[in-house]
Amino acid sequence: MIGRSSVRQGPTRAALAAVRSAAFFAALLLSSCAQPLGPTRGDPTVGAGAPPVARSDASAKDEAAKRTQRSSATPATAQARSGEAMRPGKTITVGPGGDVPTLAQAAKRARDGDTVEVQAGEYRGDVAVWTQKRLTIRAVGGRAVLIADGKSAEGKGIWVIRNGHFEVEGFDFVGARVPDRNGAGIRFDHGTLVVRDSRFIDNENGILTSNDGVSTLVIERSLFSRNGHGDGYSHGVYAGKIARLEVRASWFRHGRVGHLLKTRARENEILYNRLTDEDGNASYELEFPNGGRALVVGNVIEQSSKTQNPVIVSFGAERYRWPVNELVMSHNTVVNSGAKNAVFVRVAAGNARATLVDNVWAGTGDLLVPAPSVDEGNRRVPLAALREPASGDYRLAETAPFERSGTTADAPTQWTPRYQYRHERGMVSLSGAPSLPGAFQE
């Protein structure tokens, strides 16, 4: 049985802000993986129109600079740049009347620096292994729906991305299953993978990565629905011990026993998403089993009453494997929809600390967070304080018994939300500083 623990008030945030802000993004040493992922181990129900991720010009430039810096440290990206200098990229079209009729053929034909454009429509059993060092793959004219139909690439999934810098946009990955129960919409082996405006439905894993310690996975404006084999070993997203995971403006729901999002990455940014199990029976909604650095800002996180595990956010459950382990949760709305003995956040004892700032804990549940920790500006409310939680509206009702939180003025900028999740699979810029606890400001 899970015991109870309280959160001890630590030093004031003003005293911690400068130290934490610098430490959060400090260079880290890599460590080995304790639990290998194994060799590999539809019904699109959401409308296709998703708004673009809204960013100001300044923030877009900042983000581009950060990505360039991170990418330059990836061997595969350095090789891609060298290849680009040697050969201009071409565009390969896939589909009826295109350069090639199938994705499998495009994967063999494409060279480093090319763009693969896939015509909208269904592609059944058209699985592929991508071995280029740099490639853009995008759907054109609508969604390209990739239905596994019993097939898999290398016994791993619909796509295997071997080693490069890849950008993927506009695809649905549906029904990936393999004999060892670890099939993925995308199996990502090495390099940098950016996935935008894509949907992963009814797979054993939506996206599954390796444990190479150096790769980066970025997910934007994507949907993960009804993934998981049902045995608890496969998840909506399963990031292994890679260097970095970024997830923004995405929707995770309807888990099958496994977790909505599980990551062993050294650094994690989980920003402005909706992780709502709804009528699923997922275990954790968000799990960091080996710790690392985790920045969780502006998310809506909801646990179904049919959950397989009463913990909603879990940190360090499988021992800390990184030199620095810190969970920062700021301006999230975390909802227990009726599970018994629920735990909003559990942080395992050990070499770790937690900072919980201006979150809303809705419904009944405990916090199991050991000292030293920071707990400031958080609010506990009953489900009745939300507008219509039964229909998925987790905004605070007009009669919510509190107003401006006022606790984020001295917080590091990384903790302060600049955007808000917009359903479905989008985010909008906030017009000013956050005025309420939780994920919803406007």
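These legends accompany several close-up views of a predicted model. Local features are described where pLDDT is at least 70 and side-chain atom pairs where it is 80 or more, while totals for chains, interfaces and linings use all residues. Residues are numbered from 1 along each chain as its sequence is written, and side-chain values use heavy atoms, with hydrogens and water left out.

View A. A search of the whole structure turns up 11 aromatic pairs. Rings of Phe, Tyr and Trp (its six-membered ring) pair if their centres lie within 6.5 Å; planes under 30 degrees apart are called stacked, over 60 edge-to-face, and the rest tilted. Trp 130 and Trp 159 make an edge-to-face pair, with 5.4 Å from centre to centre and 70° between the planes. This pair links distant parts of the chain, 29 residues apart: Trp 130 belongs to strand E3 (residues 128-130) and Trp 159 to strand E5 (residues 157-161). Strands, here and below, are DSSP runs of at least two residues labelled E, numbered from the N terminus. Trp 130 is buried at a relative accessible area of 0%, and Trp 159 is likewise buried at 0%. Buried means under 20% relative accessible area, exposed means over 50%, and partly exposed lies in between (1.4 Å probe, protein chains only).

**View B. Two charged side chains sit over tryptophan rings.** Look for Lys 241, whose charged end is placed over the ring of Trp 322 at 4.1 Å from its centre. In the other example, Arg 253 lies over the face of Trp 251, 4.4 Å from the ring centre. A charge counts as sitting over a ring if NZ of Lys or CZ of Arg is within 6 Å of the ring centre and within 35 degrees of the ring normal.

**View C. The largest cavity has a lining that includes Phe 224 and Phe 252.** Rolling a probe the size of a water molecule over the atoms shows where empty space is left. On a 1 Å grid over the protein atoms alone, a cavity is a set of points where a 1.4 Å probe fits but cannot get out, and lining residues have an atom within 4 Å of a point. The volume of the largest cavity is about 40 Å³, taken as the space filled by probe spheres set on the points, with grid points joined across faces, edges and corners. Its lining includes Ser 225, Arg 226, Asn 227, His 235, Gly 236 and Arg 253. Strand E13 (223-225) and strand E16 (251-253) are the elements that give two or more residues to this lining. By class, the lining has three nonpolar, six polar and two charged residues. Here Ala, Val, Leu, Ile, Met, Phe, Trp, Tyr, Cys and Pro count as nonpolar, Asp, Glu, Lys and Arg as charged, and the others, Gly among them, as polar.

**View D. Gly 236 and Val 257 lie in loops.** Gly 236 is found in the loop between E13 and strand E14 (237-239), and is buried at 6% relative accessibility. Its C-alpha atom is 8.8 Å from that of Arg 256, 20 residues apart along the chain. Val 257, in the loop between E16 and E17, has a positive phi of about 70° although it is not a glycine. Val 257 is buried too, with a relative accessible area of 19%.

**View E. Strand E23 is largely enclosed.** Five of the five residues of E23 (residues 311-315) are buried, so the strand is largely enclosed by the rest of the structure. Strands pair if DSSP finds at least two bridges between them. Strand E20 (residues 286-288) runs parallel to E23 and is joined to it by three bridges, with Leu 286 partnered by Val 313. E23 also pairs with strand E26 (residues 343-347) in the parallel sense, over four bridges; here Val 311 stands opposite Val 343.

**View F. A hairpin joins E32 and E33.** Strand E32 (residues 386-388) and strand E33 (residues 393-396) pair in the antiparallel sense over two bridges, and Glu 388 has Asp 393 as its bridge partner. Four residues lie between the strands, and Gly 392 takes a positive phi near 90°.

Notes:
1 Å grid on protein atoms, 1.4 Å probe; cavity = no way out; pocket = protein on both sides within 12 Å on 5 of 7 lines; lining within 4 Å.
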